[in-house]
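I wrote them in the order in which I went through the topics.

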Amino acid sequence: MRVLVTGGAGFIGSHFVRLLAGGGASVVVLDKLTYAGNLANLEGIDHVFVHGDIADPAAVATAAAGCDAIVNFAAETHVDRSILGPAEFVHTDVLGTMCLLEAARESGARYVQVSTDEVYGDLEAGGRAREGDPLRPSSPYSAAKAGGDLQVLAYVRTYGVRASITRGANTYGPNQYPEKLVPLFVTNAFEGEPLPVYGDGKQVREWLHAEDHCAGVERVLHEGAPGEIYNIGGEDHENIEVTRRILELTGADPALVRHVEDRAGHDRRYAVDDSKLRALGWTPEHSFGEGGLSATVEWYHENRAWWEPIKSGVYRAYYEEQYANRLKA
Ligand code: NAD
Ligand code: TYD
């Protein structure tokens, strides 16, 4: 099988390329190499690399030629950046998705859209989102991802494209760019920098290891039905609990924790029901609380050469814009 993996130089996409290539598939990666794309993530993994934008039909045609399937991980992915500037999110997550669907329509390739649990918006304590629930995205990021999902469903119904959607929970693991909660707090803890907790820190996220996320996507690629959506869940924890655990695992000073101004429109809780995917035989292998987070902290400890160069340069400008005023207040 020849599979086009878009966004394969990013965090979860690179784990997926490793999984497919390890299973003997022939993999083509199409990636724009934005700030989040990193060829070091693909070192030692057999693949063909095409540098380009998923919203550019010519680049998509080159990369998709001869592929039996397209799995779309490419996206602008960070909520805080979407609040600073939504345009790139619409370009990649909506228009880019449509360009890939056009390629699947043309060639008849199987298509999997890697979406997010954030499209459901936040949930009251107790409930868990099912795949048929209404979309209530809160941020420009989740609104753009929801727009991509709707394009997929329209292409299934109108053109018969054989597409499925996965909606994964908050993902953690090696090779995650240090802007999201886990890698930001772990690397800041190692550097003796503040850990900026938004608001009261009692927001709840479900934590899913990148390898479990990829195993779910692979299962949907092979066994999912066209037009169907599959949630991929994780383990529920409050942000403040995750923060405390990171302090313990890194041995950092608890005084580094700073409660700062909350994120605009901040969702309080995400939670999904993933029984539909489990019925296809998927079960997670990593537990966040029992080994998953500690192994990830260990990876960042041993791979400073991966993240230290990232945390200088353009990263600093983003960090200043996002946190300087919050940390001064
Ligand atoms: P990431 O930000 O680490 O990587 C995104 C990759 O996409 C990068 O390699 C980047 O260069 C590439 N890219 C961005 N715009 C592109 C474009 N226009 N054309 C081609 N390539 C482009 O992302 P991630 O965290 O690995 O997320 C991968 C996918 O999983 C995304 O679709 C995201 O919405 C989804 N997802 C992520 C999480 C999470 O917690 N990280 C949870 C659920 C779903
Ligand atoms: P994040 O990793 O950005 O993922 P998402 O917004 O997609 O869930 O954030 C996870 C949680 O951590 C979310 O509730 C926001 C919070 N958070 C902080 O408290 N401080 C931070 O500096 C960041 C990046 C996130």
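I began with the side chains of D80 and R263, and I found that they meet in a salt bridge, with 2.7 Å from N to O. The model is a predicted one, so I note this distance as a computed value, bearing in mind that side-chain atom pairs count only at pLDDT 80 or more. Between domain 1 and domain 2 I then looked up the count of such bridges, which is three. For residue pairs in polar contact between domain 1 and domain 2, the count is 11.

Next I asked which elements supply the side of domain 1 that touches domain 2. I wrote down α1 (11-22), α3 (79-84), β7 (170-172) and β9 (204-209), each of which supplies at least two residues. The largest share of that side comes from α3, with five residues. Sorted by class, the side of domain 1 that touches domain 2 holds eight nonpolar, eight polar and three charged residues.

I then went back to how the chain is divided. Domain 1 covers 2-171 together with 207-232, while domain 2 is put together from 173-205, 236-264 and 287-318. The contact takes 19 residues from domain 1 and 21 residues from domain 2. Taken over C-alpha atoms, the centres of domain 1 and domain 2 are separated by 25 Å.

How much area do domain 1 and domain 2 bury between them? I noted about 1900 Å², with 53% of it on carbon and sulfur atoms. On the side of domain 1, the residues that lose the most area to domain 2 are F11, H78 and W207, which together account for 36% of what that side buries.

My next entry is on ligand 1, which is surrounded by 31 residues, the closest being I12, D31, T77, Y141 and K145. For D31, an N or O atom in the side chain is 2.6 Å from an oxygen atom of ligand 1. The side chain of D53 has an N or O atom 2.9 Å from a nitrogen atom of ligand 1, whereas for K32 it is a polar backbone atom that is 3.0 Å from a nitrogen atom of the ligand.

Last, I looked up A25, whose place is in the loop between α1 and β2 (26-31). Leaving aside its neighbours within four places in sequence, A25 is in contact with M1 and L20. From C-alpha to C-alpha, A25 and D46 are 9.5 Å apart in space, and they are 21 residues apart in sequence.

Methods
Residues are numbered from 1 along each chain as its sequence is written. Chains are lettered from A and ligands numbered from 1 in the order in which they are written. This is a predicted model: local features need pLDDT of at least 70, side-chain atom pairs count only at pLDDT 80 or more; totals for chains, interfaces and linings use all residues. Side-chain values use heavy atoms; hydrogens and water are left out. Domain bounds come from an automatic or database domain assignment. Contact means heavy atoms within 4.5 Å. Buried area is the accessible area (1.4 Å probe) that two parts lose on being put together, summed over both. A salt bridge is a side-chain nitrogen of Lys or Arg within 4 Å of a carboxyl oxygen of Asp or Glu. A polar contact is a pair of N or O atoms within 3.5 Å; within protein, one must be able to donate a hydrogen and the other to accept it, and residues adjacent in sequence count only if both atoms are side-chain atoms. Helices (H or I, at least four residues) and strands (E, at least two) are DSSP runs, numbered from the N terminus. Ala, Val, Leu, Ile, Met, Phe, Trp, Tyr, Cys and Pro count as nonpolar, Asp, Glu, Lys and Arg as charged, and the others, Gly among them, as polar. A residue is near a molecule or strand if one of its heavy atoms lies within 4 Å of it.
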